[in-house]
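Hello,

Here is the structure I promised to pass on. Please open it first, then read my notes below with it on your screen.

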Amino acid sequence: MSVFTTVAIDEITPFLHRYSLGQLVELKGISAGVTNTNYFVTTTHGKYVLTLFETLRADELPFYVNLMVHLAQHGIAVAAPIANLQHQYIDELNGKPTLIVPCLPGSVAESPTTEQCAQVGEMLAQMHLAAASYTAQMPNPRGPHWWAATAPTLYPLMKPQDAELLAAEVALQAQHQHDTLPTGVIHADLFRDNALMNGEHVGGFIDFYYACTDVLLYDLAITLNDWCVLEDGEIDDERALAMLTAYQSVRPLNPAEIQAWPTLLRAAALRFWVSRLLDFYQPAAGEMTFAKDPSHFQRVILRHAQRCNFWV
Ligand SMILES: Nc1ncnc2c1ncn2[C@@H]1O[C@H](COP(=O)(O)OP(=O)(O)OP(=O)(O)O)[C@@H](O)[C@H]1O
Ligand SMILES: N[C@@H](CCO)C(=O)O
């Protein structure tokens with residue numbers, strides 16, 4: 001379930017009067033999602049998604065919300081935030097900060113096609129280019145400092161041989177600096193469930209709340225590790241090549257990026273191995289997360305390690 005804060009008809013009606021969105025027709029809770037409360041709000045003007053933020057505070061939201069506005073202005077497939085009559089994107093309902101965006105076409109692609117992977121790769125590269133003129137910065141809260149500090153808290157909870165592998169992977173990443181690679185705003189969590197696919201096309205990228213300033217190629221590695229990897233951690237070469245080729249048709253990689261690619265694929269898998277381990281062993285109090293399988297990303301790392309020649 002993902003309605004943590006319920007909204008009644010007599011609460012949404014005065015809320016909607018603060019916007020130019022017409023009269024309420026239907027209000028329906030959205031079952032997907034694990035962090036925030038989301039509702040489909042149908043009005044006489046159209047269909048929208050209302051998010052009530054359960055953990056982020058209103059003062060933490062502008063970086064993400066203004067980024068969505070910026071990307072939408074550049075034609076990237078994202079839901080463009082809708083301003084209220086005070087020209088504010090962030091409002092409040094039932095004590096939670098809120099955002100309204102249009103309902104995007106499409107649905108989550110659990111088994112993406114090669115063409116869908118290509119379309120996502122191309123849109124991701126377009127997004128990186130469009131975000132170059134977005135001036136706000138956000139350090140990555142889940143970068144190398146975070147995993148290096150977090151992993152040791154997990155070792156005592158893990159099977160010794162898994163802890164050894166994790167420690168070795170953290171040590172390997174510590175040997176690599178990526179300071180010279182192109183950086184910019186990245187989505188940082190563009191898994192299949194954070195994109196709506198409209199047939200072969202991208203209906204929209206959603207859930208920008210891990211977006212930050214980091215290495216652009218790392219974003220592609222995160223995306224490829226989910227869209228082009230099978231359940232057993234094996235890489236689907238056809239899908240991976242389609243995504244890489246389409247990305248490079250918009251933003252070709254430079255030689256330093258090509259050299260860093262195998263390490264970044266492992267870094268991207270390490271980040272989610274650690275966050276899933278953390279969710280599994282130390283779920284934050286009051287957070288309603290369904291712990292996803294951490295060992296999946298352990299297998300992804302092993303596959304990448306076996307195929308260190310996995311090239312662009
Ligand atoms: N703009 C949109 N248009 C259509 N559907 C949307 C839109 N935004 C969100 N959704 C639907 O709401 C669901 C939940 O959204 P989302 O994944 O952002 O949830 P969350 O709890 O905020 O984030 P997460 O689960 O990643 O922590 C999505 O799977 C999608 O079905
Ligand atoms: N996409 C993440 C969860 C949200 O950050 C994962 O699958 O582990």
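Ala-188 sits in the loop that runs between strand 6 (183–186) and strand 7. Keep in mind that this is a predicted model. Ala-188 is not a glycine, yet its phi is positive, at about 75 degrees. Is Ala-188 buried or exposed? With a relative accessible area of 5%, it falls under the 20% cut-off, so Ala-188 is buried.

Now look at Asp-207. This residue lies in the loop between strand 8 and strand 9. Asp-207 also has a positive phi, about 60 degrees, although it is not a glycine. Its relative accessibility is 34%, so Asp-207 counts as partly exposed.

**The cavity**

How many cavities of 30 Å³ or more does a search of the whole structure find? The search finds one. The largest cavity holds about 40 Å³ of space. Ala-188 is one of the residues that line it. Arg-142, Tyr-210, Tyr-218 and Arg-271 are also among them.

**The hairpin**

Next, find strand 7 (residues 195–198) and strand 8 (residues 201–205). The two strands run antiparallel, and four bridges join them. Together they form a hairpin, with two residues between the strands. Gly-199 is in the turn, and its phi is positive at about 65 degrees. Which residue of strand 8 is the bridge partner of Asn-198? The partner is His-201. Strand 8 is mostly covered, as four of its five residues are buried.

**The second largest pocket**

The second largest pocket has about 410 Å³ of space. It is lined by 17 residues. Closest to its centre are Pro-144, His-178, Asp-179, Asp-214 and Val-215. Helix 4 (144–154), helix 5 (160–174), strand 9 (212–215) and helix 8 each give two or more residues to the lining. Which element gives the most? That is helix 4, with three residues.

Stay in helix 4 and pick out Thr-150. Its relative accessible area is 10%, so Thr-150 is buried. A polar atom of the Thr-150 side chain lies 2.6 Å from the backbone oxygen of Trp-146. Leaving out residues up to four places away in sequence, Thr-150 touches Val-274 and Leu-278.

**Helix 7**

Helix 7 covers residues 237–250, which makes 14 residues.

At the start of helix 7, a side-chain oxygen of Asp-236 comes to within 3.1 Å of the backbone nitrogen of Glu-238. Which residues of helix 7 are buried? They are Arg-239, Ala-240, Ala-242, Met-243, Leu-244, Ala-246 and Tyr-247. An α-helix has 3.6 residues a turn, so residues three or four places apart point the same way. Keep that in mind as you look at the buried set. What covers these buried residues includes helix 3 (114–130), helix 6 (216–227) and helix 8 (255–281).

Helix 8 is also the place of Ile-258. At a relative accessible area of 25%, Ile-258 is partly exposed. Ile-258 and Leu-217 are 41 residues apart in sequence, but their C-alpha atoms are 9.3 Å apart in space.

Thr-98 lies in strand 5 (residues 96–102). Its relative accessibility is 0%, so Thr-98 counts as buried. The Thr-98 side chain reaches the backbone nitrogen of Glu-92 at 3.4 Å.

Ala-80 is in the loop between helix 2 (62–73) and strand 4 (91–93). It counts as partly exposed, at 31% relative accessibility. Ala-80 touches Ala-72, Val-101 and Pro-102, again without residues up to four places away in sequence. How far apart in space are Ala-80 and Pro-102? They are 6.9 Å apart, C-alpha to C-alpha, and 22 residues apart in sequence.

Best wishes

Key:
Residues are numbered from 1 along each chain as its sequence is written. Chains are lettered from A and ligands numbered from 1 in the order in which they are written. This is a predicted model: local features need pLDDT of at least 70, side-chain atom pairs count only at pLDDT 80 or more; totals for chains, interfaces and linings use all residues. Side-chain values use heavy atoms; hydrogens and water are left out. The expected span of a helix is 1.5 Å times one less than its number of residues. Buried means under 20% relative accessible area, exposed over 50%, partly exposed in between (1.4 Å probe, protein chains only). Contact means heavy atoms within 4.5 Å. A polar contact is a pair of N or O atoms within 3.5 Å; within protein, one must be able to donate a hydrogen and the other to accept it, and residues adjacent in sequence count only if both atoms are side-chain atoms. Two strands pair if DSSP finds at least two bridges between them. On a 1 Å grid over the protein atoms alone, a cavity is a set of points where a 1.4 Å probe fits but cannot get out, and a pocket is an open set with protein on both sides within 12 Å along at least five of seven lines; lining residues have an atom within 4 Å of a point. Grid points are joined across faces, edges and corners, and a volume is the space filled by probe spheres set on the points.
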